[in-house]
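Q: I am new to this structure and would like to go through it piece by piece. Could we look at it together?
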Amino acid sequence: MKLKVYADRMSQPSRAVIIFCKVNGINFEEIKVDLSKRQHLSEEFKEINPMEKVPAIVDGRFKLFERYPADVSRTAKIHSVLDWHHSNLRQGAASFVFNTVLAPALGFPLNPQAASQAEKLLSSSLSKIESIWLKGNGRFLLGGFQPSIADLSLVCEIMQLEVLDEKDHSRILGPHKKVQQWIEDTRNATRPHFDEVHTILYKAKTKLAVQRSVRGNSETESSIKKLPSKM
């Protein structure tokens with residue numbers, strides 16, 4: 001029976017798993033669960049994953065890492081990176097992007113204080129990736145010579161920073177040259193799948209940039225109207 005991957009490509013973990021399957025030649029069926037339509041909260045999806053999260057994998061075993069790597073010790077190390085990721089990089093990146101870019105698009109107010117706290121955690125996480133996880137002879141996490149599911153998970157998380165305005169993007173990623181090179185190495189090692197799976201993110205980046213421009217022009221016009229007339 002073909003592996004089924006329930007995912008939404010706007011989800012960072014979903015993109016990581018989809019790329020992983022494509023790169024490793026795993027025959028799978030991708031089933032979209034539209035988060036914007038709250039399909040992950042449906043009773044039907046709860047039968048697949050009671051935790052209401054994507055991605056979810058159905059192959060009768062629910063095991064993601066059994067195919068790679070075969071080394072049990074390395075598998076444990078990869079799990080440690082993924083555990084760290086969820087309470088550090090993921091928390092910082094997701095919160096920062098939401099409170100600087102996504103909130104207005106979703107009808108929520110911006111929260112500068114939350115954005116500031118998230119940026120500190122995000123920057124700290126990027127520094128730790130360079131000083132801890134990217135140490136070794138290889139170009140990838142844990143000194144690996146090819147990207148693992150951990151590389152894909154963390155890189156896909158960082159890729160969401162693409163939707164930021166150029167000033168924020170440069171301020172946050174600019175100091176981390178080693179991280180930038182690792183992202184590029186991961187992209188190159190998983191082409192053409194990496195760019196294909198991230199197409200939805202690139203489209204969102206363009207759409208959000210247009211919305212920011214329109215919002216900025218509206219605010220400028222509003223400010224001009226409020227200026228006292230000298231006529």
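Q: How many residues does H1 have, and what is its reach from first C-alpha to last?
A: H1 has twelve residues and reaches 17 Å from its first C-alpha to its last, close to the 16 Å expected at 1.5 Å a residue. The expected span is 1.5 Å times one less than the number of residues. Helices (H or I, at least four residues) and strands (E, at least two) are DSSP runs, numbered from the N terminus.

Q: What kind of model is this, and how are residues numbered?
A: This is a predicted model, in which local features need pLDDT of at least 70, side-chain atom pairs count only at pLDDT 80 or more, and totals for chains, interfaces and linings use all residues. Residues are numbered from 1 along each chain as its sequence is written, and side-chain values use heavy atoms, with hydrogens and water left out.

Q: What is the average pLDDT, then?
A: The protein averages 88, where pLDDT is the predictor's confidence in each residue, from 0 to 100. Of the residues, 87% score at least 70.

Q: Which strands does H1 lie across?
A: H1 (residues 12-23) lies across E1, E2 and E3, running at about 155 degrees to E1. Axes are lines fitted to C-alpha atoms, for helices over the stretch in contact, and angles run from 0 to 180 degrees between N-to-C directions.

Q: What is the order of the strands in the sheet?
A: The open sheet has the order E2-E1-E3, with mixed pairing. Its edge strands are E2 (28-32) and E3 (56-58), each pairing on one side only.

Q: Is Asn88 buried or exposed?
A: Asn88 counts as buried, at 15% relative accessibility. Asn88 is in the loop between helix H3 (72-87) and helix H4 (89-105).

Methods. Buried < 20%, exposed > 50% of the residue type's maximum accessible area, 1.4 Å probe, protein only. Pairing = 2+ DSSP bridges. Contact = heavy atoms within 4.5 Å.
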